[in-house]
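I am opening a notebook on this structure. The entries below record what I looked up, in the order I looked.

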Amino acid sequence: MTPIVAENIEKIFFPGYKITNFQFIEKTCFLSIVPSYEPVCAKCASNQVIVHQRRTVKLTDCKIFGYNTILEVEVRVLRCKSCGKTHVERIAIQSKHGVMITARLEEEVIQEMEDTGSIKATSKRLNIGWDTCKKVHKRYLQRPYHLT
Ligand SMILES: [Zn+2]
């Protein structure tokens, strides 16, 4: 990927992250991304933090050019020198409903479920688990202002 392509993809799809690697294995694209911003304590907002540990979390994202996409996201465990707390950084692009997919894919699941009404078809087309589809759609239907 040329720098200009990578930069634009990062800016549009993964704000706050930098793509460090990508590879196609059969029909799946694996993209490795790492945070590109300076870490800040989520408890006291101090920037006097040290990266205690780095972990990798796998998130399923929307397809790219027809390829299933798996993001390998670096998550930092931060220790704050100001307040002494340790915490794991949140992934801003992840669904907020406890499923290992991106917020963008979550929108697609909801749209697809509304269009087809089929968990089976949706999970197959978007390459995610049946239970993930069901969970996402159930949450959507339970939203306070949702009108059927
Ligand atoms: Zn702190």
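I began with G117, which takes a positive phi of about 70° just after α2. I take helices (H or I, at least four residues) and strands (E, at least two) as DSSP runs, numbered from the N terminus. Residues are numbered from 1 along each chain as its sequence is written. The model is predicted, and local features need pLDDT of at least 70, side-chain atom pairs count only at pLDDT 80 or more, while totals for chains, interfaces and linings use all residues.

I noted four helices and five strands. From the N terminus on, their order is α-β-β-β-β-β-α-α-α. The C-alpha trace spans about 50 × 40 × 20 Å along its principal axes. I call a residue buried if 20 or more other C-beta atoms lie within 10 Å of its own, exposed if 12 or fewer, and partly exposed in between, with C-beta atoms placed from the backbone. By that rule, 20% of the 148 residues are buried.

Which residues of α2 are buried? I found L105, E106, V109 and M113. They lie on the same side of α2 because they cover an arc of only 105° around the axis, taken from the directions from the helix axis to the C-beta atoms. R104, Q111 and D115 are exposed on the other side of α2. The cover over the buried residues of α2 includes β3 (49-64), α3 (119-126) and α4 (130-141).

I placed L126 in helix α3. L126 counts as buried because 20 other C-beta atoms lie within 10 Å. I count a contact when two C-beta atoms, placed from the backbone, lie within 7 Å. Leaving out residues up to four places away in sequence, L126 touches L105, E108, V109 and E112.

A nonpolar core here is a set of buried Ala, Val, Leu, Ile, Met, Phe, Trp, Tyr and Cys residues joined through C-beta atoms within 7 Å. The largest one has 17 residues, and those with the most contacts inside it are I33, L71, V73, I101, V109 and C133. Two or more residues each come from β2 (28-35), β4, α2 and α4. The largest share, three residues, is from α2. I also looked up C133, which touches V109, M113, I119, T122, S123 and I128, again not counting residues up to four places away in sequence.

Strands pair if DSSP finds at least two bridges between them. β3 and β4 (residues 67-80) pair in the antiparallel sense over 13 bridges. Q53 stands opposite V77 in β4. Two residues separate the strands of this hairpin.

Entry 7, positive phi outside glycine. F65, in the loop between β3 and β4, has a positive phi near 50° and is not a glycine. Is F65 buried or exposed? F65 counts as exposed because it has 7 C-beta neighbours inside 10 Å. A45 is not a glycine either, and its phi is positive at about 65°. A45 sits in the loop between β2 and β3. With 10 C-beta neighbours inside 10 Å, A45 counts as exposed.
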